[in-house]
Amino acid sequence: LATRHAVPVQNLKVFVGSWNFGNNTPPADLSPWIPRNRFEIYAIGMQESPGENIKLVSDYLGDEYVMVKDEVMGVIRLAVMVRKTMVQYIEPDSVESFHVASGIMGGMGINKGGVAVAMRYRGTPIAFITSHLAARATAKRNRRRNKDVRNIIENCDIGLKNIDFVHQYNVFWLGDLNYRLNLPWDEAVQLVKKKDWPTLRKHDQLLIEKAAGRGFADGQERP
């Protein structure tokens, strides 16, 4: 999801990718997931991600890219990298990071919440945030997901201190958001097989919450 903040027009190719590893070791070859050397900025979010997976991403992208900032909270990780030739356009004093916890699982440490990295690129304020929100499909857990989003927005301490970050930056929000379909499993599978996307979208919890203004109201989903 992305939100817009008024800035001068400029072209910038950004890759945003997220993966919940389920506490498993990721594959050595990341090429099916991350297209290499095609973007100026890469923002890679990981959930349930133990081990040195940020180094794995950095090594995969290679020497043509530089780590702007990486932030880790428990098993939630975010790495933001920029093409080496473009580093000069990032204002060094503008780079910030922060994290907000909302859940702890025994043996794993913090496994729910949000991790953010922010910067100014050619004067444009950009923030990336990866989150792992509350799981399960019940109405109660859906309300908890919305609460988690509000908690992250209200407590993520980046940028100006008297205004939340979504009103300061062009925000790219990625992660395992855990919103579900309000449909029985078998019915959802049949609709997928029929490629009945309009019906599926009517039951998409994220779209329902956005339309009602309860979560990600200003966000726009990208292809």
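**Entry 1: an open sheet**

I looked up an open sheet in this predicted model and found 4 strands in the order S2-S3-S5-S4, with mixed pairing. Strands here are DSSP runs of E with at least two residues, helices are runs of H or I with at least four, and both are numbered from the N terminus. Two strands count as paired if DSSP finds at least two bridges between them. Which strands stand at the edges? They are S2 (14–20) and S4 (65–73); each has a single partner strand, so one side of each is left without a neighbour in the sheet.

**Entry 2: S4 beside S5**

Next I followed S4 to S5 (residues 76–83): the two run antiparallel and are joined by 8 bridges. I found Tyr-65 opposite Arg-83, and Lys-69 opposite Val-80. The two strands form a hairpin with 2 residues between them, and Gly-74 in the turn has a positive phi of about 60 degrees.

**Entry 3: the largest nonpolar core**

A nonpolar core is a set of buried Ala, Val, Leu, Ile, Met, Phe, Trp, Tyr and Cys residues joined through side-chain atoms within 4.5 Å; buried means under 20% relative accessible area (1.4 Å probe, protein chains only). The largest one has 21 residues, and Ile-158, Phe-165, Trp-173, Leu-177 and Phe-216 touch the most other members. H2 gives the most to this core, with 3 residues.

I then checked Trp-173: leaving aside neighbours within four places in sequence, its contacts (heavy atoms within 4.5 Å) include Leu-1, Ile-129, Phe-165 and Phe-216.

Residues are numbered from 1 along each chain as its sequence is written, and side-chain values use heavy atoms, with hydrogens and water left out. Local features need pLDDT of at least 70 and side-chain atom pairs count only at pLDDT 80 or more, while totals for chains, interfaces and linings use all residues.

How values were computed:
Buried < 20%, exposed > 50% of the residue type's maximum accessible area, 1.4 Å probe, protein only.
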